[in-house]
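Trainee: I would like to learn how to read single features from a model, and I would be glad to start with one residue and what surrounds it.

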Amino acid sequence: MNIIMNTMTTITTTKIKLWGIVQGVGFRPFVAKVAEKLGMKGEVLNIGGLVEITVTDTGERVQQFIDALISNKPEPAEIVHIKCTPLEYREFSGFEIIRSGEGDDEAAMIPSDLAICSHCLEELYDEDDPRYQHPFISCMICGPRYTIIDRIPYDRDNTSMVDFPMCDFCESEYTDLHDRRHHAQTISCHNCGPQLMWEEPGACLGLPDDTAILDRAAELLKKGGVIAFKSVGGYNLLADPFNGKAVEKLRQAKNRESKPFAVMFRSLEEIRRYCYVDDVEAKLLQSSARPIILLEHRPSDSEEINRSRFIGSFLPGFAAQYMLLDRISPLIFTSANPSNLPMIKDDAEMLNWFDRVSPLVDAILYNKREIRVRADDSVTRVIDNQPQMIRRSKGYAPVPLYVESGSSSPARCILATGSQLKNSFALSKGSFSYMSQYFGDMDTLENQTVYRENVDRMAELFRIKPEMVACDQHPLYFTTAFAEEYAKANGLPLHRVQHHHAHIASVMAENNLEGPVIGVSFDGTGYGTDGCIWGGEFMLCEGAEMTRVAHLRYVDMIGGDSSMKDGVRSALSYIAARNPDCGDDEISVDISDILDFGSERLMRNAGAPLILKAIETGTNTIKSSSMGRLFDAVSCLLGICDYNDYEGQCAIMLEDAAAFASANPGADRACDLALSFHRRIIDMIMEQCCRIRGRTGISRVALSGGSFQNKILMEGILDRLRSDDFEPHYNISVSPNDGGIALGQLFVAMHLNKK
């Protein structure tokens, strides 16, 4: 945080600019209260996406004022940068909140959506409170933000709340400087706010109010029904996780065969009955972002909860969710959409889809507050005793990251289009990098359309006019084609960043790493500079530069990218490559005992002779150094999982088997080999890092890529690196999977001309 101000004792006029999460969190009323308490005279306004304060006083008192702002800021607020500038002397009679201005070219910041606060939650259950059981209760420090905004500054007229004029009661609180809802743009009550609505085919129930609607919803869910529920960032589908028929209906509606669903619990105490929760996880569960957290679960009667070692668990984020879970809890809460298509956010779209999937979905619980931006729930986990992002979306987007760009950066504003899978794009303005919400895989026209709309929307919202475009090197990615199209249409330079370099650069961006690092980038697939499929890479990275120094030995992988689904193809590819020669920069991991364990069984597979013949003749094969495919092959060889019904399933189940072996050594041969395999990978990483350090003297290591979502692998290598005096770094604010690629692309583009 940089503060530049005049410290003279004479009375002068000073302009104070504050960047950070300072809009939509009660910051202007807070500033006015601090000024009133200290007897300061001046004014405050939102300008663009920042707060600008002008005061006339001594430099010493202005510093006291700034110190008070920093130390006593509202709970959701974040101040990342302050700048003070002397102005021509102005006389003020008091301190005033000025109507928001359109702003200049400064970096704008909009708060993410904020879960219901403890004050509103208390009022929700207070029978004497005017907002008792109001499903949309909120105040200045909680409620939707990014998902309802049309434009900055964040004022009611610039959000979808403009459709709900305040009643006299709400307006009296809104205009009262000393009220908790002063300038709370989402303020509402039973009289003027959104109301719950109900749609159920063939039923003429005449439900009179919110209570009756929620009672009916709970009744249907208890009977094994599935309902669509309009949340803050889009529609969810809800079902009872203990009712097998309800879960099966839900899977049919979403065309989702086996991937575990996230489960919402009414309270932290209830989560503890089903999952193991440490202090860091408990704090994250209750944070204002309300992310889904991957928690290791206890034994349960629910087949859905037992489906994986980890269950995505989270708490309600707004009042209507609490009110429903008061009636039935826990509940599956998953996005309302067929798999691989965008989350539904509009009422008309939901009603149209509802007609097509009925009777798999029994009813819709919704409201008339429009959602401007669809945003899935974020997904996190705790690794190395701190939170790590797996899917950055609602509750975090669009809060920017501060990334040092370098004084000779060729462009102040950059668009990074991200990867093809688990996509998020990014826009930069100076040192601020805005990560979009999560969009998923870019293989469908529907996702591509939503992506295009959001690039334009986000650039307009934050007043960013890109001067450069960065993208992946894969020639067949939609995001590459979009980058080429966007750059050509706007006359902009285009820079292509190798996929695994972008992974490492995302860690460098987050951790502000200047100078060289050893990059370890492990994932399923990425287009290499030699036209092969990379995924098990060791690199030297500095600024915009990357040198590949070692990689997993190339294996002729049958089917190319199609092998991402079929573990049998990966396993047979490794069987065929059992005793190859390794090049100077290639690394071989000994899996001979694993091959012995599973080869005979796989050779009996009906398709094995044809696949092996294709590998022998080089038909439809491509060389791959992918760590993800090696995990798939080992999982298949050990008989644990041979097909990815969802991305990473083989590797996830292999990790689960390794965890079982760690807790029950000797109980199962395949599980013991799974744990041994993890340890071999850790040994291999250590060996290579030591070799590279011995040659270069570099001790900083950046770890990234989807394979490092494996908790056993990640925590194991962190312990080993630290014990041998390495300095490891990894992703925290963006995901190690492809959701963080755009940040790495930005970092490389920012450093292109920096020497």
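Mentor: Leaving out residues up to four places away in sequence, T479 touches T417, G418, S419, Q420, N423, M442, Y451 and C471, where contact means heavy atoms within 4.5 Å. This is a predicted model, in which local features need pLDDT of at least 70 and side-chain atom pairs count only at pLDDT 80 or more, while totals for chains, interfaces and linings use all residues. Residues are numbered from 1 along each chain as its sequence is written, and side-chain values use heavy atoms, with hydrogens and water left out.

Trainee: Is T479 buried or exposed?

Mentor: T479 is buried, with a relative accessible area of 0%; buried means under 20%, exposed over 50% and partly exposed in between, with a 1.4 Å probe and protein chains only. The side chain of T479 reaches the backbone oxygen of G418 at 3.4 Å.

Trainee: How should I read a helix, and which residues of α16 are buried?

Mentor: An α-helix has 3.6 residues a turn, so residues three or four places apart point the same way. In α16 (residues 608–617), A608, I611, L612, A614 and I615 are buried; helices here are DSSP runs of H or I with at least four residues, and strands are runs of E with at least two, numbered from the N terminus. Seen down the axis, the buried residues of α16 fall within an arc of 155°, so they line one face of the helix, the arc being that of the directions from the helix axis to the C-beta atoms. On the other side of α16, P609, L610 and E616 are exposed.

Trainee: What covers the buried residues of α16?

Mentor: Their cover includes β25 (555–558), α14 (567–576), α15 (592–603) and β27 (621–624).

Methods:
A polar contact is a pair of N or O atoms within 3.5 Å; within protein, one must be able to donate a hydrogen and the other to accept it, and residues adjacent in sequence count only if both atoms are side-chain atoms.
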